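Here is a short note for a colleague who is opening this structure for the first time. Please read the points in order.

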Amino acid sequence: MTAIKHALQRDIFTPNDERLLSIVNVCKAGKKKRNCFLCATVTTERPVQVNVVKVKKSDKGDFYKRQTAWALRDLAVVDAKDAVKESPEFDLHFDKVYKWVASSTVEKNTFISCIWKLNQRYLRKKIDFINVSSQLLEESVPSGENQSVAGGDEEAVDEYQELNAREEQDIEIMMEGCEYAIANAEAFAEKLSRELQVLDGANIQSIMASEKQVNILMKLLDEALKEVDQIELKLSSYEEMLQSVKEQMDQISESNHLIHLSNTNNVKLLSEIEFLVNHMDLAKGHIKALQEGDLTSSRGIEACTNAADALLQCMNVALRPGHDMLHAVKQQQQRFSDLREQFARRLASHLNSVFVQQGHDQSSTLAQHSAELTLPNHHPFHRDLLRYAKLMEWLKNTDYGKYEGLTKNYMDYLSRLYEREIKDFFEVAKIKMTGTTREGKKFATLPRKESAVKQETESLHGSSGKLTGSTSSLNKLSVQSSGNRRSQSSSLLDMGNMSASDLDVADRTKFDKIFEQVLSELEPLCLAEQDFISKFFKLQQHQSTSGTTNEVEEMDGVALSRSYTSGVPQTVSSEKDMIRQMMTKIFRCIEPELNNLIALGDKIDSFNSLYMLVKMSHHVWTAQNVDPASFLSTTLGNVLVTVKRNFDKCISNQMKQMDEVKISKKSKVGILPFVAEFEEFAALAESIFKNAERRGDLDKAYIKLIRAVFDSVEKVANESQKTPRDVVMMENFHHIFATLSRLKISCLEAEKKEAKQKYTDHLQSYVIYSLGQPLEKLNHFFEGVEARVAQGIREEEVSYQLAFNKQELRKVIKEYPGKEVKKGLDNLYKKVDKHLCEEENLLQVVWHSMQDEFIRQYKHFEGLIARCYPGSGITMEFTIQDILDYCSSIAQSH
């Protein structure tokens with residue numbers, strides 16, 4: 001405990017100018033035994049502060065750290081738990097009660113006693129010491145005296161040391177000699193001094209007496225040294241005797257070392273020879289297979305493959321340092337190199353022959369597919385070639401130059417073969433689309449199609465002229481009267497009374513099937529070839545982000561051959577790029593042929609671009625899900641751009657035709673052609689784009705087209721001379737509203753509401769304008785009545801006006817008998833029938849609206865008569881029921 005006390009004083013309290021007076025080792029009551037120290041300290045500076053400090057051992061080392069400090073003045077109660085029985089537990093009451101358990105009762109009592117003394121000296125406050133033995137508490141010092149605690153300060157307490165038992169015994173004996181009565185202290189001290197001198201003299205005499213014994217000891221040491229000299233002489237003689245034996249043993253040891261070294265060298269040499277023999281010896285069967293093995297049979301290919309692998313292992317063996325200097329090793333390596341070169345040359349020659357034979361074999365089968373829209377199957381050829389896949393891998397690892405040459409030759413042979421197959425395939429597709437034979441003869445087709453087919457056949461291989469040969473009614477119809485349009489439509493019916501629209505749909509469906517079949521035949525062909533290339537040429541189809549489409553298109557056979565030097569890839573970033581380069585070289589004709597086919601379909605019917613956009617988008621989406629960087633995905637993506645441009649061109653042409661529309665000045669307008677064409681386009685587009693991936697493109701086209709239709713209807717209505725503007729607007733916007741309501745195109749909801757509003761507004765305007773004032777004189781009479789009322793004349797006094805009396809009213813009413821009214825309505829009906837067209841069938845709707853407007857005017861007149869001529873008994877010569885009967889009979893008669 002003393003050592004701990006000094007350590008705490010040095011490390012913790014001295015730097016803080018404090019002195020440690022008492023210490024107790026404690027732990028918290030009722031918790032895990034984690035010991036700490038409670039220290040009673042005072043500061044060295046005045047005024048003196050007394051503290052109780054909790055010190056804890058650090059978890060990270062053997063040093064102590066100050067954890068908590070309480071001022072002694074904050075201590076209220078010290079509870080020792082039991083004043084009679086010894087107990088290590090005690091409590092200190094500061095701001096709260098701290099319960100402690102001391103390591104021993106003695107330390108606890110010492111600490112409590114020190115606390116009591118410090119309180120008496122420095123604080124003089126009332127600290128309750130409960131359950132504390134009275135022996136621990138000294139008597140209180142008078143408050144007026146500033147004396148040290150217990151007769152001395154802390155320094156005296158620290159320096160005081162108790163006498164041990166022997167010292168107490170000696171003092172007792174000394175005090176008994178003087179009978180415990182020391183009257184003269186100086187005499188007593190003098191006596192003690194004399195006794196001390198006597199004791200010192202006795203010590204000196206004792207030392208002098210031992211000198212004789214020292215001399216005797218020295219003599220014994222001299223004799224011992226002489227004996228040691230004699231022993232050393234004997235040992236020297238023994239060493240001389242053993243020197244010769246040592247030399248003989250050294251010779252024997254050196255001889256044994258040489259023998260061991262020789263054995264070790266022999267073992268190592270044998271190991272090296274065994275290593276070379278085991279790893280650089282090629283079996284005779286393998287050598288024969290490499291030189292003469294049959295590369296046409298499966299068994300021969302397997303034997304050659306095993307031999308090639310064994311040769312590669314022998315050539316790639318990791319030689320140890322110095323092996324390459326051996327003449328036998330050099331000869332064996334040269335032999336292996338010759339075998340490799342010979343087999344690589346034989347393998348390359350055989351595979352080139354297989355490639356050439358493949359071209360001839362496939363060419364013989366082209367005639368079988370000339371009349372069918374199918375591509376030849378290369379699976380048998382791929383299956384036969386895949387037997388050489390391991391040998392190709394061997395060639396790639398051993399002789400990259402020949403591997404590269406085979407790659408180039410394969411691309412050359414296959415590109416020519418695929419070009420013939422694909423061109424014939426697309427030729428068949430074009431023939432099926434246009435309905436012609438290879439000799440240019442037409443199949444039986446409709447008269448209206450012949451000019452378009454003829455034009456298409458003549459421009460089968462491309463044309464730079466403007467698109468003019470479309471058979472779509474959207475590009476073919478001109479703005480004309482409904483009567484002329486009906487007469488032309490009737491002349492186009494043929495083959496079982498099929499309508500032109502039905503024939504258009506049939507042609508487009510046929511084109512859609514042919515185009516889908518073309519894409520469906522191309523996809524498996526490209527995927528199968530790409531899979532074969534990766535397996536046969538051992539190119540991993542991992543994803544690569546370094547290559548771009550433009551790079552692939554710029555690569556050709558020359559660039560591919562320059563991509564590698566010294567058997568190591570230099571410029572091609574990955575094997576995936578090499579696959580794309582090979583596919584681009586082999587199928588270089590696919591993209592131009594697809595573009596030609598797309599141009600042909602667009603010339604046959606511009607609406608075909610809708611089918612192509614949907615089909616091409618679906619196939620691009622499918623290819624990108626498989627591999628977004630593949631040749632197929634890239635090629636179809638490029639073609640999709642062309643299809644999208646044709647689609648945009650189709651939309652632009654429709655809008656241009658709407659803008660350039662001209663109307664006849666001699667015939668009524670009716671439903672404008674481009675309005676009917678928009679209905680045809682929307683119906684067709686909805687059927688095509690159902691569940692399509694590129695619905696957004698159609699929605700954008702819808703917005704452009706419908707706005708163009710709205711603007712063009714407004715333009716034609718303003719320019720119309722034969723048909724009233726309101727009739728043009730009413731009929732066409734009614735047709736547009738009906739179309740949008742039937743098709744339920746979500747992106748055109750706002751336009752549908754706008755069309756309905758325009759139809760309603762112009763219907764009302766036309767009714768009011770056309771009906772006008774059927775009872776003109778009566779209308780003028782009541783306008784005068786209303787004018788008088790407006791001037792301030794009371795309604796019941798209007799009859800007193802000379803010009804508006806009852807007699808004048810009866811006179812005007814007699815001019816409009818029932819027959820005259822019916823005749824006026826009949827003329828109005830004929831006029832409306834002349835304005836309206838039959839296609840939209842709005843005559844009854846307009847007539848019913850006019851009937852309602854006429855009845856509204858009639859009720860207005862009756863109201864004025866009742867208010868301005870009360871009790872006169874004057875009534876119109878016809879009733880509302882008469883009006884209803886007139887209108888009904890007129891409508892039925894017409």
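1. Terms first. Helices (H or I, at least four residues) and strands (E, at least two) are DSSP runs, numbered from the N terminus. Two strands pair if DSSP finds at least two bridges between them. This is a predicted model: local features need pLDDT of at least 70, side-chain atom pairs count only at pLDDT 80 or more, and totals for chains, interfaces and linings use all residues. Residues are numbered from 1 along each chain as its sequence is written, and side-chain values use heavy atoms, with hydrogens and water left out.

2. Strand 7. Start with strand 1 (residues 18-28) and strand 7 (residues 97-102): they run antiparallel, joined by three bridges. Val26 faces Ala102 of strand 7. Strand 6 (residues 89-93) is also antiparallel to strand 7, through five bridges. Here Asp91 has Lys99 as its bridge partner. A hairpin of three residues links strand 6 to strand 7.

3. Aromatic pairs. Rings of Phe, Tyr and Trp (its six-membered ring) pair if their centres lie within 6.5 Å; planes under 30 degrees apart count as stacked, over 60 as edge-to-face and the rest as tilted. The whole structure holds 26 aromatic pairs. Take Phe94 and Tyr98: their ring centres are 6.3 Å apart and their planes stand at 70°, so this pair is edge-to-face. Both Phe94 and Tyr98 are buried (under 20% relative accessible area; exposed is over 50%, partly exposed in between; 1.4 Å probe, protein chains only).

4. A stacked pair. Phe587 and Phe631 are stacked, with 6.0 Å centre to centre and 25° between the planes. Phe587 sits in the loop between helix 19 (575-586) and helix 20 (590-604), and Phe631 in helix 22 (residues 631-659), so the pair ties together parts 44 residues apart in sequence. Phe587 and Phe631 are both buried.

5. An aromatic cluster. Which residues form one aromatic cluster? The members are Phe355, Tyr400, Tyr403, Tyr410, Phe532, Phe536 and Phe537.

6. Ser617. Look in helix 21 (residues 608-626) for Ser617. Is Ser617 buried or exposed? Ser617 counts as buried because its relative accessibility is 4%. Neighbours within four places in sequence aside, Ser617 is in contact (heavy atoms within 4.5 Å) with Met612, Leu640, Glu693 and Arg694. A polar atom of the Ser617 side chain lies 2.6 Å from the backbone oxygen of Leu613. Gly637 is 20 residues from Ser617 along the chain, and their C-alpha atoms are separated by 8.3 Å.

Conventions
Polar contact = N/O pair within 3.5 Å; in protein donor to acceptor, adjacent residues only side chain to side chain.
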